[in-house]
Amino acid sequence: MKRILGIVALVVMAVAMPQAQNTDLMARLENDFRVVPNITYLTASNMDAKLDLYARRGTTAPQPTLLFFHGGGWTGGTKESQAFAIQPYLAMGLNVVNVEYRLAKAALAPAAVEDSRCALKWALSHAKEYGIDPQKIVVAGGSAGGHLALMTGFLPASAGLDRECGRNDYQGPDPVAEEMKVAAVVNWYGISDVNELLAGPNMRTFAVTWMGSMTNRDEIAKRVSPMTYVRAGLPPVLTIHGDADPTVPYQQSVRLHKSLTDAGVSNELMTVPGGKHGLDCCNLEQRTKAYQTIQAFLRKQGVLPKATSSSQQ
């Protein structure tokens, strides 16, 4: 398919339809993008945190770029596991920065949040080098990755979680302003209230593990909860969440949506009827609709070009 929405749908159907159309899509992506793998953006806790950059070929203009964070409850997961998850964004025309971060076995909270902010600083600091449009950076992820996307977009510099970044390896005057901003957040069933997952009926082992045996874990959990930072002036947010999610309570996204709306922040909540968690969040039709909703949302925010009559066909 030659139209963008058709391309996005094909990515979603890659496993179900490994036929000529899918081969055409993969050929297009390979032809249009180059991969710069395993760039070290931060060294902390005796670990080199790395990212993979997928950059559009054959253009000199700065490109809209997506920072993607994998899920896994801050205790597992890899950037490599997201090979399929990032392809719809490439098909939409976005560069993608696929980010790894410190898991609980390397460092407890708030390390993963610090790393996500450092990845954003890396993207801003290296924008000219890699053709990134600093005004059109989107952050996205699922589950714990959705939480990190929210935190990356919501955190003010005053929260003090950017100090680990240092200067990275950028040479010359630092172009990053005190407040790092993103153009939009795409949150797939991310945790917005970490405290709720530490005790009571919604306790989750992965959240407890991420906090470890800290005596001030409730304070740290609040410090790394997106709900703590809801205020006017935040970037637009699109949240996608199944109402039968057994891992991250759907009501967290309902509360986040209400709080953002009350604060005057442009945001949308796409509820997936019967959707659970991770790969079980959506069936094929629902997943295709989700990516179409993301594309429309990013067009509305000016990250992607407005749709034309031909691209809608």
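Trp 188 is buried, at 5% relative accessibility (buried means under 20% relative accessible area, exposed over 50%, partly exposed in between, with a 1.4 Å probe and protein chains only). This is a predicted model, where local features need pLDDT of at least 70, side-chain atom pairs count only at pLDDT 80 or more, and totals for chains, interfaces and linings use all residues. Residues are numbered from 1 along each chain as its sequence is written, and side-chain values use heavy atoms, leaving out hydrogens and water.

Tyr 291 is also buried, at 6%. Trp 188 and Tyr 291 make a tilted aromatic pair, with 5.5 Å centre to centre and 50 degrees between the planes. Rings of Phe, Tyr and Trp (its six-membered ring) pair if their centres lie within 6.5 Å; planes under 30 degrees apart count as stacked, over 60 as edge-to-face and the rest as tilted.

The whole structure holds 7 aromatic pairs. In one of them, the ring centres of Tyr 89 and Tyr 291 are 5.9 Å apart with planes at 80 degrees, so this pair is edge-to-face. Tyr 89 is buried, with a relative accessible area of 0%.

Phe 68, Tyr 89, Trp 188, Tyr 189 and Tyr 291 together form one aromatic cluster.
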